Amino acid sequence: MIGRWAQRFAVAIERPLVGYLAALGAVAAAVLVRAAAGLMMASPPNFMAFFPAVLFATLVAGLRGGLAATVLSGVAVWAFWLPKDTLEETWRLQHVQLLLFLFTGALTAVIAKALRLAIQRGAAVEARFRAFQEQALDGFVIMEPVREAGRVTDFRWTYANPAAERMAPKGQGLIGRRVTEVFVGETATAMIERLRLALNAAAPDEIEVRRVIDGAERWMRSSAMKLGDGLAVSFHDITDQRLADQAVRAAEEEARRSRDEFEHIANAAPVMIWMSGPSLGAVWFNASWLAFTGRRMQEELARGWLEEVHPEDRERVLATYDAHFTARSRARLEYRILRHDGAYRWIDEAAAPRFDRDGKFLGYIGSCSDITDRKTAEAQLRGGEARVRALVDSLPQLLWSARPDGDFDYFSPQWIDFTGVPAAEHLGDGWLKAVHPDDRDDLQAAWSQALQGGLPFDLEHRLRRHDGVWRWFNARASAIREEDGAIRRWFGSSSDVTEIVEARRDLEERVAERTRELEASLEERARAEAALAQAHRLETVGRLTGGVAHDFNNLLTVVIGGLDMILKNPADTDRVKRLSEAALAAGRRGERLTRQLLAFSRRQELKLEVMDVGALIEQVEPLVRRAVGEAIDLTVDCQPGIGASRLDPAQFEAALLNLVVNAADAVEGGGAINILTRRVVLADGEVSGVAAGDYVAVSVADTGPGMAPEVMQRAFEPFFTTKDVGKGTGLGLAQVYGFMSQCGGAVTIDSAPGEGATVTLYVPAIDAVPTVEVVREPTDDSWAAGAAILLVEDDAAVRAVTESLLQEMGCEVTTDVDGPSAMARLKTGQAFDLLISDIVMPGGMNGVELARWTHIQRPGLPIVLTTGYAGDQFAGGSAEITWPVVRKPFRAEQLSAAVRDALTRVAP
């Protein structure tokens, strides 16, 4: 501690002001000490306290500071404690002591100066030592032995530089601590033993020691030497160096193994492999090279391999390698080399520089492949390409190609000449600029669809020629695929089809014009066919006229005779009732006969209903008998419970009537006709045109002359007839055939010359319940009391009867004779509960038009229509009429039911 303070005082001269102030302070302190001694002693010594001040001032301020302190001390003693009277007995003695103090003080300053210089030099050496140790990378410590019972048992650190402290365990300082306090276990024991040996050794040692610090193994290179009673030890961490050395040794071993493996693999490789050193000389060739050249390794080393290189290629090869060796870059070249059989072969050589781990250039390694066959193929390919290019240049089409993503990458000279645009501007999707704006979107969409699905591309579009004229082109393209199906390229061509497009347009216009003419012709033919079909119906109706007139005369006889007898004796109620019922039954028979005639004669759409076939034949039988006349024997044989079928009853009756009329013509008034109905089960293919299943078969057989085979083949053709001109339209069997096809059935003919003919209708049998007309019984009409009804009817007699029927129900009836009158009344706002109107009326407005107008003006007013015969205009029914229709002649209960339904249902 004292030495440390002495060093600090000795170096204070480097700061003079501080040194002189310290010297002055030391003299002031000595003055205080002398003054304090005077208080405690009678005659204390004057100069004893000032010698340390002189010594201290010399150490901190140098010789000048010591001399200044000596003078200041003398002045202070003389001023405060020496007698001033010369007569005093001690004056001389005190001044002699003052002079002696000044002399000895100066001598002390000189001696202290030398001591100060020695201290300064020691401090400088220590500072340099400390600076070195603080910056040193190696650890340095000074240790003293710890003895117990005369035996060294441990060591204590008395000094440790920063490097040593850094190498110590974390959180463990070294100075002042024992080894066993810092290290434990094997590490502490080994360290103490090693230090004990170094303490007893005559010379310094240098060894590598293993230490475990913070759980990690560390290796140190340590040197220890005896220093007095202790040891000075220097050491540094060589763990990384040892690991690096181990890695180097492992790398060298791995390199040796890799080199052996490389040579083994390279010798087994089918390609020729070589290695060179840092110069151009070769150092190794694999077995493939030696087998190819037929030479030994020693012959090939250095530049011996150049002897096999073709003389024309040798200079080029050497120049190439000189350039690449200088640049240390990869090389790729082709040259010819002499094979063992004396033939020169082309080889493709690739070489790359080799470097070690430190980046040192070791030479080149290269591989060679025989490409003679490829060279030959390339030469042939170039010849083929030249021929293909000549062919492409001679073609009139514009050729192009595209990558798999659809970007165009080639255009033939014809494309460039046509568009007048350099190919570079049309690459990618730039070619779309030459496409007509109206065609661009469709072309892009078609091209995208082809790309996504890999489908052929085929589209017509317009391209702009170099002179600005738009020309039509047909663009086609197909994909070239790899073996795995991936698209490699697209190749396409565009052909000028302007003349074809223009010719096609002209043809399309002509076709359109001819189509319009044909449609007009077909419409005319359809009208003619319809007229002929109607004529055929009217012809049949004409044949029925006599029989129907006979039936109507009988019916009128019953009605007129009965009414006449009632008027003669109206009081006989039983007789009136009997005659009235007979007249009513005759009227109903007339109603059915009229409906059958209308259904047969009018044109109407097919309306399929579930009908009992036996009942339908029974219903039409009277009409059929009138058609054939009484001279022909007509028999009807209908199997009981024949079943139902889905068909149009009116069309079925017309078809059956057609067959009977044809049969009647065939027998010429002197034969027999038989109508046979039966249930049959058909197998698949048994009857042409129908599937297997249950059918109702209706056959019409006659005893006429029969048909020849050629006539049977054409029997169902429209307009084909064997009758004389003016006696037949040839549409009867054609209509029957069409009707049966619509019903899902079929029609067949069995005939032979002289054996008559049998025509059979096959209609599908079903299990559904047939449609039955419900006859309403008279009911109580109190529900109609007070109902306001507007009745529109042009016929006065029908209007009077209908008004009477409604009034008997309790209704309040207002009548009009035509549509305009009814409209005027409705416009007045008069309230009505129901509108009843005839369909066919004079005045320019029919009943349907009146109903439609009323529905718009009064949406909630119920409407009922009546008709005796609406004609072809309303034959379709539901398409024109959406309101209930009561057909004339109607009975009171039918009118009552229609009115009741209309008043109770929601208005349409």
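The lining of the largest cavity divides into 15 nonpolar, 1 polar and 2 charged residues. The model is predicted.

**The largest cavity**

- Rolling a probe the size of a water molecule over the atoms shows where empty space is left.
- The structure holds 6 cavities of 30 Å³ or more.
- The largest cavity has a volume of about 290 Å³.
- Its lining is made up of 18 residues.
- Nearest the centre of the largest cavity lie Trp 157, Phe 183, Met 191, Arg 211 and Phe 235.
- Two helices, H5 (162-167) and H7 (185-200), each give two or more residues to this lining.
- Strands E1 (139-148), E3 (205-213), E4 (216-227) and E5 (230-237) also give two or more residues each.

**The second largest cavity**

- The second largest cavity has a volume of about 120 Å³.
- It is lined by 13 residues.
- Closest to its centre are Trp 274, Ser 276, Leu 280, Trp 305 and Tyr 321.
- Strand E6 (272-276), strand E7 (282-285) and helix H11 (311-327) each supply at least two lining residues.
- Helix H11 has the largest share of this lining, with 3 residues.
- By type, the lining of the second largest cavity has 10 nonpolar, 1 polar and 2 charged residues.

**Helix H2**

- Helix H2 runs over residues 16-40 and has 25 residues.
- From first C-alpha to last, H2 reaches 36 Å. That is close to the 36 Å expected at 1.5 Å a residue.
- Which residues of H2 are buried? They are Gly 19, Ala 23, Ala 26, Val 27, Ala 30, Val 31, Arg 34 and Ala 37.
- Helix H3 (50-80) is among the parts that cover the buried residues of H2.

**Aromatic pairs**

- A pair of aromatic rings is described by the distance of the centres and the angle of the planes.
- The count comes to 21 aromatic pairs.
- One of them is edge-to-face: Phe 361 and Tyr 364. Their rings are 5.9 Å apart, centre to centre, with 75° between the planes.
- Phe 361 and Tyr 364 are both buried.
- Phe 408 lies in strand E12 (residues 408-411), and Trp 447 lies in helix H15 (residues 437-453). The pair therefore ties together parts that are 39 residues apart in sequence.
- Buried means under 20% relative accessible area. Phe 408 has 4% relative accessibility, so Phe 408 counts as buried. Trp 447, at 6%, also counts as buried.

**A loop residue: Val 469**

- Where is Val 469? Val 469 sits in the loop between strand E13 (457-464) and strand E14 (470-481).
- Is Val 469 buried or partly exposed? With a relative accessible area of 35%, Val 469 is partly exposed.
- Leaving out residues up to four places away in sequence, Val 469 touches Leu 463 and Arg 464.

Note on methods. Residues are numbered from 1 along each chain as its sequence is written. This is a predicted model: local features need pLDDT of at least 70, side-chain atom pairs count only at pLDDT 80 or more; totals for chains, interfaces and linings use all residues. Side-chain values use heavy atoms; hydrogens and water are left out. Helices (H or I, at least four residues) and strands (E, at least two) are DSSP runs, numbered from the N terminus. The expected span of a helix is 1.5 Å times one less than its number of residues. Buried means under 20% relative accessible area, exposed over 50%, partly exposed in between (1.4 Å probe, protein chains only). Contact means heavy atoms within 4.5 Å. On a 1 Å grid over the protein atoms alone, a cavity is a set of points where a 1.4 Å probe fits but cannot get out, and a pocket is an open set with protein on both sides within 12 Å along at least five of seven lines; lining residues have an atom within 4 Å of a point. Grid points are joined across faces, edges and corners, and a volume is the space filled by probe spheres set on the points. Ala, Val, Leu, Ile, Met, Phe, Trp, Tyr, Cys and Pro count as nonpolar, Asp, Glu, Lys and Arg as charged, and the others, Gly among them, as polar. Rings of Phe, Tyr and Trp (its six-membered ring) pair if their centres lie within 6.5 Å; planes under 30 degrees apart count as stacked, over 60 as edge-to-face and the rest as tilted.
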